[in-house]
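User: Could you take a close look at one part of this model for me, and then carry on to the places where its pieces pack together? Please give the cut-offs as you go.

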Amino acid sequence: EFMQAFWDIEEAQAKAIQHLASFVRDKSALPYLLTFTELIIFAMKTHVDSLELQVDGCSLLLEILSQALEQDVVMALDENVTGSLLETVRKHSENEELLSLVCTLLMMISASEVAAENLRKVGVIPDLLSILRNFLHNEKICLSCCGVLWSLAASENNVDQALLKSAVPVTSAVLQEHLQNGAVTESACSALWALSLQGCLTENEYEPTTVLLLDALRMNPERPVLVKNTCLALASLLRLSEISALRFITDSKGSGINLIKDAYHLHYDDPAVVESICVLINEMAQYDDVVLDMLSQKMEELLSEIKSWFPSS
């Protein structure tokens, strides 16, 4: 009632949000906090110029959403929510701290297909790409923005192809910048996989993207999701391009075949990873030069081992 009565008074809204934030540590308060999400969003929308209120509002929404996900509670996030967050992004496009919070929120809500569709409708992709270009050094921002791109590119709904194509060089730049950060690399590789499936890479991008993905695999072999999605991204590229296939076996830092064998030995008991490796091997087998390399490196032994590990799959 207080928030509704004094909706136009910034100080009153800020105080209310701070007061609500004092309850977030109490897990039993979640059902009550959920009823305030629309009011928090409305306060942020009404007072979009107030940086402090935006930061406090986003922080509170993040806490509520995190708890909701932990407790398997579904939050209704309509176009009003996504539109308001995008307004915050555009109004405070230079503020790194706030953008980091908002982008994390966008990544979390984009996991929902409905919310991802709403983000597409409000035109979030150019804003994400602009943020990535401006804050390429920021690991948290890169992780979140690539996560949103992955959700949008993997969506069955038609996203503007030209927009997605413009995401490829930016996502590649993120990967190049953060190869040593496993979480960011995983997010960027996943986005590149989704973009390659949508046919967004140009012929000139096949080879450099293959090299980048091999580097990602080489530097982060212990992460199962990264290995799985990187193998699927490589499979997608090899399906499209013989140049990618030849680069895969002749990369100056070492053959992709050795990387696959190493990945298998690390994750032999993870069916999802092993399946992605098999998908990649299947694409490799369409090229004679690659098959010769596979035979010389005794890949048939690996395949026999996979068959014996997964006889019914």
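Analyst: Happy to! A residue counts as buried under 20% relative accessible area, as exposed over 50% and as partly exposed in between (1.4 Å probe, protein chains only). By that scale methionine 75 is buried, at 14%. This is a predicted model, where local features need pLDDT of at least 70, side-chain atom pairs count only at pLDDT 80 or more, and totals for chains, interfaces and linings use all residues. Residues are numbered from 1 along each chain as its sequence is written, and side-chain values use heavy atoms, with hydrogens and water left out.

Methionine 75 sits in the loop between α5 (51–70) and α6 (79–91); helices here are DSSP runs of H or I with at least four residues, numbered from the N terminus. Leaving aside residues up to four places away in sequence, methionine 75 touches Leu34, Thr37, Ile64, Leu65 and Ala68, a contact being heavy atoms within 4.5 Å. Its C-alpha atom is 30 Å from that of glutamine 161, which is 86 residues away along the chain.

Now to the helix packing. Helix α13 (residues 203–219) meets helix α14 (residues 224–240) at an angle of about 155°, with the axes 10 Å apart (lines fitted to C-alpha atoms over the stretch in contact, angles running from 0 to 180 degrees between N-to-C directions). That makes α13 roughly antiparallel to α14 (over 145 degrees; under 35 is roughly parallel, 65 to 115 roughly perpendicular and the rest oblique). Residues making this contact include Tyr206 and Leu213 of α13 and Leu226 and Leu237 of α14. By class, the contact has 11 nonpolar, three polar and no charged residues (Ala, Val, Leu, Ile, Met, Phe, Trp, Tyr, Cys and Pro are nonpolar, Asp, Glu, Lys and Arg charged, the others, Gly among them, polar).

The axes of α17 and α19 come within 12 Å and cross at roughly 140°, which makes α17 oblique to α19. Here Val274, Cys278 and Ile281 in α17 meet Met299, Leu302, Leu303 and Ile306 in α19, with seven nonpolar, no polar and no charged residues.

Finally, the whole structure holds one aromatic pair (Phe, Tyr or Trp rings, the six-membered one for Trp, with centres within 6.5 Å; planes under 30 degrees apart are stacked, over 60 edge-to-face, the rest tilted). Tyrosine 268 and tryptophan 309 form this tilted pair, 5.0 Å centre to centre with 55° between the planes. Tyrosine 268 lies in the loop between α16 (256–267) and α17 (271–284) and tryptophan 309 in α19 (residues 299–309), so the pair ties together parts 41 residues apart in sequence. Tyrosine 268 is partly exposed at 32%, and tryptophan 309 is partly exposed at 44%.

Methods:
Helices (H or I, at least four residues) and strands (E, at least two) are DSSP runs, numbered from the N terminus.
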